[in-house]
Amino acid sequence: MAAIANDDTKLTIVLAPPTASSLGSKDTCAACGALPTDEDAATAMPSPPHKSAPQRNVHQWLRAAVLGASDGVVSTAALMLGVGAARDADDGGGPRAVLLAGAAGLVAGACSMAIGEYVSVHAQLDVELAELERAAKAGGDGGRGRAPPTDQAEAALSSPGQAAAASALAFAAGAAVPLLAAWFVTGYAARVAVVVATASVALAAFGSLGAVLGRAPGGRAGLRAVVGGLVGMGITYGLMKLFRVHGV
């Protein structure tokens, strides 16, 4: 605080520091030429839109379904190529054995995905229910047990049954693509080419779709899915070809 006194007029001018309300005012900052504080900038900046729990769940299920379909394409195509490579090419690479292997891979893979997803999501559900119970006790429930969840909290809970069904259907849908493509081809070389081409197209589509659902560039994701699938199919085909050559 500073004071200036004039003997003639007996006028006293008191300079006091600005108050907290004037410091936080945008008009005061504009009048005095001061830069706005970080709090002013944070207040003026619009907050990003938040998705509701059902919307987040839909995007998560769609992305998981796309990934499950990609798994079905790669595993079934690689299985059929490997069985065909282990068979004698003179008899067409064992078309019946190849198709049976693809069908068995479809069923086994769908069951495996469903069981694994059910166990995983059920463990996540247990954690979510435990968090709701702790929140209810902290909010004054008095430790009398688990309070019923609200409608919004209940909508955000995971569903193991839905997750298992979605994973099984997604895997079966992806596995059916190379299986149906090979079903109508009789020649060994033609069947290998059709399976590889069909699986590559499906992987490109599924990879791009999964990236778009995750708000990422779809082109590079589709290319990575195709390259990864070709590597997996090539390794399986090469190893099984070695088994046939060495008579294993």
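**Surface, helices and contacts in a predicted model**

The accessible surface of the chain comes to about 15,400 Å². Of this area, 66% belongs to carbon and sulfur atoms. Accessible areas were computed by the Shrake-Rupley method with a 1.4 Å probe, and for residues only the protein chains shown count as cover. The model is predicted, so local features need pLDDT of at least 70 and side-chain atom pairs count only at pLDDT 80 or more, while totals for chains, interfaces and linings use all residues. Residues are numbered from 1 along each chain as its sequence is written, and side-chain values use heavy atoms, with hydrogens and water left out.

The mean pLDDT of the chain is 75, and 65% of its residues reach 70 or more. Confidence is highest in helix H7 (residues 160–183), at a mean of 91. It is lowest in helix H2 (residues 26–32), at a mean of 45. The pLDDT is below 50 over residues 20–34, a stretch that has seven contacts in the model beyond near neighbours in sequence. A contact means heavy atoms within 4.5 Å. Residues 38–50 also have pLDDT under 50, with three contacts beyond four places in sequence.

The secondary structure comes to nine helices and two strands. Both kinds of element are DSSP runs, numbered from the N terminus: helices are H or I runs of at least four residues, and strands are E runs of at least two. From the N terminus on, the order is β-β-α-α-α-α-α-α-α-α-α. Of the 248 residues, 27% count as buried. Buried means under 20% relative accessible area, exposed means over 50%, and partly exposed lies in between (1.4 Å probe, protein chains only). Contacts between residues at least 6 apart in sequence were also examined. Among these, 69% join residues at least 24 apart.

Helix H5 spans residues 95–141. Glu128 is found in this helix. Glu128 counts as buried because its relative accessible area is 17%. Leaving aside neighbours within four places in sequence, Glu128 is in contact with Ala156, Leu157 and Ser158. Glu133 forms a salt bridge with Lys137, and their closest N and O atoms are 3.5 Å apart. A salt bridge is a side-chain nitrogen of Lys or Arg within 4 Å of a carboxyl oxygen of Asp or Glu. By this rule the count comes to one. Glu133 and Lys137 are separated by about one helical turn because they are four residues apart in helix H5. Glu133 is partly exposed, at 21% relative accessibility. Lys137 is also partly exposed, at 40%.

Helix H8 covers residues 188–213. Val194 is found in this helix. At 28% relative accessibility, Val194 is partly exposed. Beyond neighbours within four places in sequence, Val194 is in contact with Ala181 and Val185. Val194 and Ala181 are 13 residues apart along the chain, with their C-alpha atoms separated by 6.7 Å.

Ser200 also lies in helix H8. Ser200 counts as buried because its relative accessible area is 15%. The side chain of Ser200 reaches the backbone oxygen of Val196 at 2.8 Å. Not counting residues up to four places away in sequence, Ser200 touches Val226 and Leu230. Val201 lies in helix H8 as well. Val201 is exposed, at 59% relative accessibility. Val201 and Ala225 are 24 residues apart in sequence, and their C-alpha atoms are 10.0 Å apart in space.

Helix H9 runs over residues 218–245. Arg220 has its place in this helix. Arg220 is exposed, with a relative accessible area of 57%. The C-alpha atoms of Arg220 and Gly207 are separated by 8.7 Å, and the two residues are 13 apart along the chain. Ile235 is also in helix H9. Ile235 counts as partly exposed because its relative accessibility is 49%.

Ile235 belongs to a nonpolar surface patch of about 650 Å². The patch is made by Leu223, Val227, Val231, Ile235, Leu239, Leu242 and Phe243. Patches are made of residues with over 30% relative accessible area and no salt bridge; like charges are joined within 9 Å, and nonpolar side chains (Val, Leu, Ile, Met, Phe, Trp, Tyr) within 5 Å.

Notes: A polar contact is a pair of N or O atoms within 3.5 Å; within protein, one must be able to donate a hydrogen and the other to accept it, and residues adjacent in sequence count only if both atoms are side-chain atoms. pLDDT is the predictor's confidence in each residue, from 0 to 100.
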